[in-house]
Amino acid sequence: MTASTATTERERRRGAFGLSTILVRYLAPQRGWALGMALLLLVATGLQLLVPQLLRRFIDGALGAAPGAELTRIALTFLVAALLTQLLNAVATYVAAAVGWTATNLLREDLAAHTLDLDMGFHNARTSGEMIERLDGDVTSLSNFLSVFSVRVFGGALLLAGILVALWLENRLMGAVLTGVVLLEVVVLSRTRRAGVPATNLEREANAKLFGFIEERLHGLDDLRGNGAGAYTMHRFDGVMRNVYHDTRRAWMLRSVVWLSSYGLMLVGTALTIGTAIYLVGKGSLTVGAAYMVFQYLLMLQNPIEQITQQLQELQKAGAGVQRVGELLSLVPALPRGGSERLPAGALSVEFDGVSFHYPDVGPDQLTLDDVTFKLAPGTRLGLLGRTGSGKTTLTRLLFRLYDPSSGRVRLGGVDAAAADLQGLRSRVGLVSQEVQLFRGSLRHNLSFFDDGVSDDRIMAVLDELDMREWLERQENGLDTEIDSGGRNLSAGEAQLIAFARVFLADPGLIVLDEPSSRLDPATERRLEAAMERLLAGRTAIVIAHRLETVERVDEILVMEGGRVAEHGSRDLLARDQHSRYARLRRAALSLDLNATPDEHALEELA
Amino acid sequence: MTYSTNPLRLMLALGRQRPWYFALTAVLWAVVHGLPVLFGLAMRGLFDALAGPQAAGPNAWTYLALGLSVDAVRLVVMIGGIYTWATWWLELTLHLRRSLLSYLLEASGSRRLPDSPSEAVTRFRDDANDIGEYFEYWCDFWGFAAFGVAALGTMLLINPLMTLLACVPLALTVVLTSLLRPHIRTARRRSREATSRVTDFLGETFGSVQAVKASGREPFVLRHYVGLNTVRKRTALKDTLLTELFRSVTDNMVNIATGIILLLGASALKDGSFTVGDLALFVTFLPRLTGVMSFMGLMVVQHKRSGVAFERLGRLLVDAPVSAIVTPRAYDLENPQAPFEHAVKEVEPFERLDVVGLTAHHAGGLTGVTDVSFSVARGEFVVVTGRIGSGKTTLLRALLGLLPVEAGTVSWNGRHVDDPASFFVPPRSAYTSQVPRLFSDTLRENVLLGSGLSDVEVAAALELAVLDADLASMRSGLDTEVGTRGVKLSGGQVQRAAAARMLLRRAQLLVFDDISSALDVETERRLWDGLFAAGETTCLVVSHRRAALERADRVILLEGGRVAAQGTLAEVLASSPELAALLKGERSPDAGRVAAL
C-alpha cells in the first residue's frame, strides 16, 4: 500500500476518466451499429406493449359476445407479436455484444499500451497477477456491462415508458398510481445504487491479492517445497483467504440491497396497482379484461425493473472497474515522454555528466548514483566493476532511460537521452542480462521479440553466427517450436543463447552486458566468445562484471563505489599501476583463486 | 486423459464441507422458489372474484392480501438465503483453492505445474468458480423442482388437456436446447482458452516488463496482444450467439404455449369451464415453468462444465486423483486468525547420504541424469560440476524430490528414502534454487518463512549470507518490502537473501544450486568462509567456480547426464581433461598477458 501511495503521489493526474468519457471515446466509432440496435429494440418494445392489449381484448371478448373467429384471430396475432419480439431481442443482444467486444478490445489495447508506458516505479510495486486483474478483469466487467446493459437497460427503459403511456391512456388514476410507483422505485434505487461500490472495490482488491499471492507462490514452488515452508505459506494463505471471505460477503450483501429494495418496492407497487384495479372494477369504470391487462403490465414491469436493477449491480461492478481503469489511464509516467531527436547510426558515444540519482521511493539523501561523470568514445568497451549494490545496474538503467537522472545529463551519441525519441533510443541500446525473459509462443516470436518484420532468413543468419544452427535442427518444429511460459523447457544456457540472438537481431549501437554469462559454464562461455566478439564489433559496449575474467578484453575499466566513480581509465594502464583499485582487485582475485591468503588491505578498501 | 471426474461424486465429497449449513441454504431457497405457487393461486382467486358475482366466498381484497403476504415472506427469506449462500459459497470456493495450493506445496511426490503459473492462476480462479456455481444449481434445484411439481399438479387439476398441450412446446424446448448445448459447451471452451491465452500473455509481459521496455519492444508486444484479443472476441461472440439462440428458444416456447391456451380457451371461457382466474394462473405459471425447465437444462450444462473444471484442476495435480482436493476441512473464518506456530521436528543426526543409480529427466526429455551414484558424509563439502545441460540442476532437483525419479535409490543414514519430496525438508536439508524467488513481503518475512526466530538470529544469518552491508543501507532494514518476486532487490541480493533464508532453516544438509552466479568473487569468498567458520556444515553445491571446487572434499563431474569422474579435485583433474578444460577457461588474469604489460 505504501509503495502504491508513493507512486500515486509521484505520478500526476491527468483529468478524470469516468464511465461516460470512456463510453463516448470507445463507442463513438460504432454509432452505426449502436443505432441499428436501438431501432431493433424500439420495434421489439412496441410489439411487447401490444401483447397485453391483445389479452385484454381476448378476455373481454370471451366474457362478452365476440364471435369465436374474432378470438382466434386475436390469439394468432398474439403468437406472431410474441415470436417477433423474441427474435428482434436476440438480434439486438448479439449486435450489442459485438459492439461491446469491439469497444472493450480497443480499450484493452489502449490500456495495455498506456500501462506499458508507465515507469518502472509503477511496475515494481505490482505483481503480474494484479496487472492481469487490472487490465483484463476490470475491462471484462465493463465488457459484460456494455454488451448486456445497453440492451437490458435501454430496452427496459423503453418498455417502462411504453407501459406508463398505455396505462395513462386506459385510466388516469391507474396511470397516476403506476407512475408514482415507478418514480418511487427510481428515487429509492438511485439512492441505494452506490451502496455497493466501495465494498465491491474491496472485494476486487482482496481477490487480486489472493490471486497475486497464489501466482507468486506457484512461481516459487521449488523454493518453498525445498525449504519446508508449506505449512507457513498455507498459514499466510489463510490470512489472505479470510480477507476475501469477509470483503466478498460484505460486498454481496451490500449489492443485494439494491435488488431487495427493488423487490420490496414491487410489492408496494402490486398492492397499490391491483388495489386500484379492484376498486375501479367495483366502480364499473374498468373491465375485467382491462384489469387483467393491468396485471399483465405489472408483471411486465417486474422484468425490466429486475433487469435494470440487476444490471445496476453490473453497473456497480463496471463502475468500480471503470473507476480503476480511469485511475490507471490518468496516471502519467513519472518519466517524461522524451523529445524527437534521433540517435546517430553506428556505434554510440556515452557521456555521463554530473549524474546523481535516487530511486523514486526513497529520499534524495539515499543516492544510488552520486555525481557520476565519465565519457566513452564510440566503439569503446567498458568494464564496469564494483561490489553488489554499488550502482552498476542502476547506471545501466539510465542508459535505457528506464529512469531519468535526479540531476545531471546522460548523452548517447551526443544526444541528451531526455531529448531523444524514447522508442528510438531504446531500440539503439541492447541489453543482455542475467535474467532472460521468454514467452509462451513460438521460438520465432521469442527470437524476434514479436517483431513480424524480421525475416526467417535474417534469423537463420544470426543463428548461424551464434553457432546455434545445429541446436535449432534438433528442435522439433524448427522456428515454430513452442517455448513454454518462462522458457521452462529450455536450459539456462539455451535461454541465454536466445537472448543473445535477440540482441543480434535488434542490431543496437550500444550493448549492455549485465554479467550475461553468469549461468553459463566456462565451456559454453567460450563457445559464445567468438560470437560475442562479432556482436560487439563496431559497437560500444558496457560490460558489468561480477568476475574479473569477464572484463579481460575490455578497453577501459570503471570501478564504482557507493554510487561514485572510484576509478576510470584504460584497462592496460590501470592494470600496470600497482596502486590502482583494479590492480588490487586482480591480485585479490588471483590469491582467492589460488586459495592463498587474500590481500586483506585491498579487500578492505573495496568493502 | 480420464480421471474419475464425475462431478456428482466429487460434489458429494465436497458437499461434506459444512453440510448442514448447505442444507439450511437449500431450504431457504426452496421456500423462495416454491412460494410463487401460492402467489399464482391467490391471483387466480382474485380474478375469479372480479369476474364472478361478488357475494359469496372471500372477495378480491382477501386474495390480494394473501398474495402480498406470500411475497413479503419470500422477501424476508431471501435476505437470509443470500447471507447463508454467500457464506457457504465463499467457504467452498476458498476451500477448493486452499486444498489445491496446499496439495501443490505439501503433498508427497514431485510437483511440477503442467502449464505456466499464470495459466494455473486462471484455473484457481475460474474453475473453482465453476464448481461453486454448480453447487448453486443444487441449492436452487429443490425449490424449482417443488414449484414444477406443484404448478403442474394445479394446472392438471384445472384443465388436463390444456396443460398437456401447453407442455408440448415446453418439452420441445428441452429437446432443442439439449441439441444446442454441446455446441455451446465447445464455444465456451474455445472462448475460455482464448481468454487464458490473453491473460497468460499479459502475465508474461508484465512479469518481464523491464526487458520489454528496455528493448523498446512495446509496439510489437502490443500487436501480438491485439491478435490474441481478436481471436478472443471471435470466440466470445460465437458463444454469445449460441447462448442467445438458446434463450430465444426457451422464451418463445412460453409464448407459443400461451397462444395455444388462448386458442383452446376461447370456447372454454365462453362456456365457463375455464375462468379468467384459471387463465391468470396458467399465464403466471408458464414462464416460471419454462424457467424451471431451462434451469434443469442449464444444470446439466453446469454439471458438465464443472466436470471440465474438475478435470482441469486434476491436471494441476498431475498424478493424484482429483479427490485429493475435495476432502472437507473445518474452518473458522469468522474469528481472527491464530498466530502461526512453527513446529520443530526432531530428527536423528545426519551421518551420510547415498545416491545409487539415480535416473531422472525433465518433462521435455532433453536434459536429464542417468545412473548417477555418489555419497555425501557428514561435514563434507561436495561440488557437482559440468557443462551446461550436463544435468547438474536436474540431479539436485531429482534428489530432493522436486522432479520424479525414474530409477535409483536415495538413502539417508543407510535407510531408504521413500518420498524424497517430503523427506528432504528442514531440519534435514534446505535448498537454494538456481533462480530463487522471493515474495511480495518484507525482507524479514521472506527469510524467516514462519520460523519464529529472533532478529538477532536473522541478523546472524544475513551476515553469513553477506547481506549485512546491503541491509545497513536499506532505510527500513528488515522491514524493507522486497517487491513482487523481489524486484526491488538486485539479482545478487535476491540470491543472498535466498541463501539467508536457507541458512535460517537450521538444516543439516545445505543444497546450493549455483549460488555464485550472481555474486562477485569477494562476496562469494566471504560466504564460503563464513559458512565454514560457523561450524560443522554439510554442503552439496552445484558450481563451476574455482573458489568452490578447491574447497571440495569431493568433486562430481557430470557429462551428458552421467558421472564422468568423481573424487578430489586433483583426482578428477588428473582423470578428466573435461574439468581441466572447464577450469582453464576460467583461469583469471591471464599470466602471460599481465607479463606483457
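Confidence and contacts in a predicted two-chain model

Me: In this predicted model, how many contacts beyond four places in sequence does the model have for residues 1-15 of chain A?
Reply: Over residues 1-15 of chain A, pLDDT stays under 50. Where pLDDT is low, the predicted coordinates should not be read in detail. With that caution, the contacts of this stretch beyond four places in sequence number 19.

Me: Among the elements of chain A, which has the lowest mean pLDDT and which the highest?
Reply: The lowest mean is 35, for helix α21 (residues 600-606) of chain A. At the other end, with a mean of 94, is strand β1 (residues 350-357) of chain A.

Me: Which element gives the largest share of the side of chain B that touches chain A?
Reply: The contact involves 146 residues of chain B and 141 residues of chain A. The largest share of the chain B side is 28 residues, and these come from helix α8 (residues 218-271) of chain B.

Me: How do the residues on that side of chain B divide into nonpolar, polar and charged?
Reply: The side in question is the one that touches chain A. Its residues comprise 35 charged, 40 polar and 71 nonpolar.

Me: Why is helix α10 (residues 392-399) of chain B largely enclosed by the rest of the structure?
Reply: Among its buried residues are K392(B), R397(B) and L399(B). The helix is largely enclosed because the count of buried residues is 8 of the 8.

Note on methods: Residues are numbered from 1 along each chain as its sequence is written. Chains are lettered from A and ligands numbered from 1 in the order in which they are written. This is a predicted model: local features need pLDDT of at least 70, side-chain atom pairs count only at pLDDT 80 or more; totals for chains, interfaces and linings use all residues. Two residues are in contact if their C-beta atoms, placed from the backbone, lie within 7 Å. Helices (H or I, at least four residues) and strands (E, at least two) are DSSP runs, numbered from the N terminus. Ala, Val, Leu, Ile, Met, Phe, Trp, Tyr, Cys and Pro count as nonpolar, Asp, Glu, Lys and Arg as charged, and the others, Gly among them, as polar. pLDDT is the predictor's confidence in each residue, from 0 to 100. A residue is buried if 20 or more other C-beta atoms lie within 10 Å of its own, exposed if 12 or fewer, and partly exposed in between; C-beta atoms are placed from the backbone.
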